[in-house]
Amino acid sequence: MRKLSLALVLLVACTGGPHYTWIEATDAGADAGADAGADIDGGPPEPPPPIASCVALPHTCGATGDGDCCESPTVSAGAYFRSYDLAGDAQSGDMNYPATVSSFRLDKYEVTVGRFRAFVADGQGTQAKHPATGAGTHAKIPGSGWQASWNTDLAVNTAELVAGLKCFGEPFYWHTWTDAPGANENRPINCVTWYEAMAFCVWDGGRLATEAEWNYAATGAEQQRAYAWSSPAGSLTLDNAHASVDCLGNGIPFPDCTMADLAPVGAKSPGDGRWGHSDLTGNVFEWTLDWFAPYKSSCADCANLSVASQRVFRGGSWYDFAQDARTGLRGRGDPVQRNMQYGIRCARNAP
C-alpha cells in the first residue's frame with residue numbers, strides 16, 4: 001500500500017471533528033479587492049508585473065516546449081459543489097457543500113525546477129530571507145498572508161534548503177532538484193514543504209490557492225468534472241496521455257518507477273482543464289492554503305485558517321493510484337514534511 005493513499009479522503013457529510021473556523025469575504029475585503037485593479041482615471045487596469053521566477057527564463061514549457069512557464073490564466077468567478085463530481089459512483093461525493101469563488105489567476109503549470117532555482121539563487125526560502133508579514137494575502141480573505149511565526153519553519157540557510165530539496169537523501173526518493181541546471185529544469189520541483197511553497201509563491205508575486213479555488217478550477221466550476229479534462233463531465237477516461245499517475249503500474253514497489261514518470265510540465269496537454277491549466281491531475285501534489293478540517297455547509301471566498309495539524313494538498317501524483325486523483329479527493333500532510341510527491345502551483349489575485 002502506498003504511503004499517502006490512506007491520507008486521501010473523499011469528502012462526505014461529516015459530524016464532529018476538530019473545532020475550526022472558516023474565514024470568508026467581508027464587505028471591506030471585497031471593496032479592497034475591487035479597488036485594487038481600478039485605474040483612478042477610469043482607464044484599464046495596469047498589466048500585472050513580470051513574474052519573478054520567469055524574468056530570465058526562456059519559454060520552454062508546455063507540450064510544444066515553447067510556452068511561458070509562468071503563464072497564469074484567469075479562472076472566472078462562479079459556483080459549484082466542493083468535492084463532488086458527476087461520475088455517479090461511490091467516489092463522487094454529494095451536493096452538501098456549495099461554494100462560490102471570485103475570479104482569480106492560477107498558474108497554468110506547476111512550479112518547475114528552473115523557476116524554483118531562481119528563488120534559491122536569490123537566497124529566498126530561508127530564515128534569513130523570508131516573506132514579509134502579511135505578504136501573499138488573498139484579496140478577500142483578511143489574515144491569509146504570511147505570518148511571522150512561520151519564519152522559523154524555513155531552512156536556516158540555503159545549504160539546508162538545498163539538502164531538503166533532495167528529500168534529505170531518503171532511499172527510493174526521486175527528487176527533481178539538481179545542484180546545477182540539467183535535464184529536470186522543466187519538471188516540477190518536489191520535496192518542498194508547505195512553508196517553502198508559500199514563501200515561493202509570495203516571492204513570485206502570488207500566493208497559494210485556497211482549497212476551494214483549486215477544486216473549483218479542476219472541476220470546471222458548475223461542470224463538476226471527475227477529472228479536469230472529463231467530457232462529458234462524469235467520464236472517467238484516464239490514460240498516460242492525460243496525466244502522469246500510478247507509475248508503479250502493477251503495484252510492485254519501486255522497480256516500475258523512473259524519473260521519466262515525473263513529466264515536464266504541460267507535456268500531457270489532453271489533460272488540461274477548462275481554463276487551460278495543465279497537470280491538475282498527476283505529476284505532483286499541490287499544496288493549498290488551507291488547514292485540513294471537515295467542510296461546513298457553504299462557502300464564499302473562504303479558507304480554513306484555523307490552525308490544525310495538517311495542510312491540504314490536491315491533485316494526485318505520479319506515484320499515486322489513478323483512482324486517488326479525482327477532482328473531489330483531498331489529501332493532507334504535515335506542512336513541514338518533505339516528500340517526493342509534494343509540489344507547488346501558485347495562484348494570484350485577479351487584476
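Predicted model: local features only at pLDDT ≥ 70, side-chain atom pairs only at ≥ 80, totals over all residues.

Visitor: Fine. Which residues does R187 touch, not counting those up to four places away in sequence?

Guide: R187 touches V111, T112, V113, T176, M259, A260, L262, A263, P264 and V265. R187 itself is in the loop between α3 and α4.

Visitor: What's the nearest side chain of opposite charge to R187?

Guide: D261, at 9.1 Å. A salt bridge needs a side-chain nitrogen of Lys or Arg within 4 Å of a carboxyl oxygen, so R187 has none, although it is buried.

Visitor: Which side chain does R187 make a polar contact with?

Guide: N184. The side chains of R187 and N184 are joined by a polar contact of 2.8 Å.

Visitor: Let's look at another arginine. Is R330 buried or exposed?

Guide: Buried, because its relative accessible area is 1%. R330 lies in strand β12, residues 329-333.

Visitor: And what does the side chain of R330 have polar contacts with?

Guide: The side chain of E211, for one, through a polar contact of 2.6 Å. A polar atom of the R330 side chain also lies 3.1 Å from the backbone oxygen of A293.

Visitor: Zooming out for a second, how many helices and strands does the protein have?

Guide: There are 5 helices and 14 strands. The protein has 351 residues, and 54% of them are buried. Of the contacts with a separation of 6 or more, 77% are between residues 24 or more positions apart.

Visitor: OK, on to the nonpolar side chains. Which residues in the largest nonpolar core touch the most other members?

Guide: F116, I189, F200 and I344, out of 35 residues in that core. The elements giving two or more residues to this core are α2 (113-121), α3, α4 and β8 (285-291).

Visitor: Which of those gives the largest share?

Guide: α4 does, with 9 residues.

Visitor: How buried is α2 as a whole?

Guide: It is largely enclosed by the rest of the structure, because 7 of its 9 residues are buried. Those are V113, G114, R115, F116, R117, F119 and V120.

Visitor: What covers the buried residues of α2?

Guide: The cover includes α3, α4 and β14 (346-349). Just after α2, you'll also find G123 with a positive phi of about 75°.

Visitor: Now aromatics. How many aromatic pairs does a search of the whole structure find?

Guide: It finds 20. One of them is F285 with F313, a tilted pair at 4.4 Å centre to centre and 35° between the planes. F285 is in strand β8 and F313 in strand β11 (residues 311-314), so this pair links distant parts of the chain, 28 residues apart.

Visitor: Are F285 and F313 buried or exposed?

Guide: F285 is buried, with a relative accessible area of 1%. F313 is buried too, with a relative accessible area of 1%.

Visitor: What's the geometry of W287 and Y342?

Guide: That pair is edge-to-face, with 4.7 Å between the centres and 65° between the planes. W287 is in β8 and Y342 in strand β13 (residues 342-343), so the pair ties together parts 55 residues apart in sequence.

Visitor: And how accessible are W287 and Y342?

Guide: W287 has 2% relative accessibility, so it counts as buried. Y342 is buried with a relative accessible area of 1%.

Visitor: Last one. Where is A180 found?

Guide: In the loop between α3 (158-164) and α4 (194-203). A180 counts as partly exposed because its relative accessibility is 47%. C-alpha to C-alpha, A180 is 9.1 Å from R117, and the two are 63 residues apart in sequence.

Key
Residues numbered from 1 in each chain as written. Heavy atoms only, no water. Helix = DSSP H or I, 4+ residues; strand = E, 2+ residues; numbered from the N terminus. Buried < 20%, exposed > 50% of the residue type's maximum accessible area, 1.4 Å probe, protein only. Core = buried A, V, L, I, M, F, W, Y, C linked by side-chain atoms within 4.5 Å. Lys, Arg positive; Asp, Glu negative; His and termini not counted. Polar contact = N/O pair within 3.5 Å; in protein donor to acceptor, adjacent residues only side chain to side chain. Contact = heavy atoms within 4.5 Å. Phe/Tyr/Trp six-rings, centres within 6.5 Å; stacked < 30°, edge-to-face > 60°.
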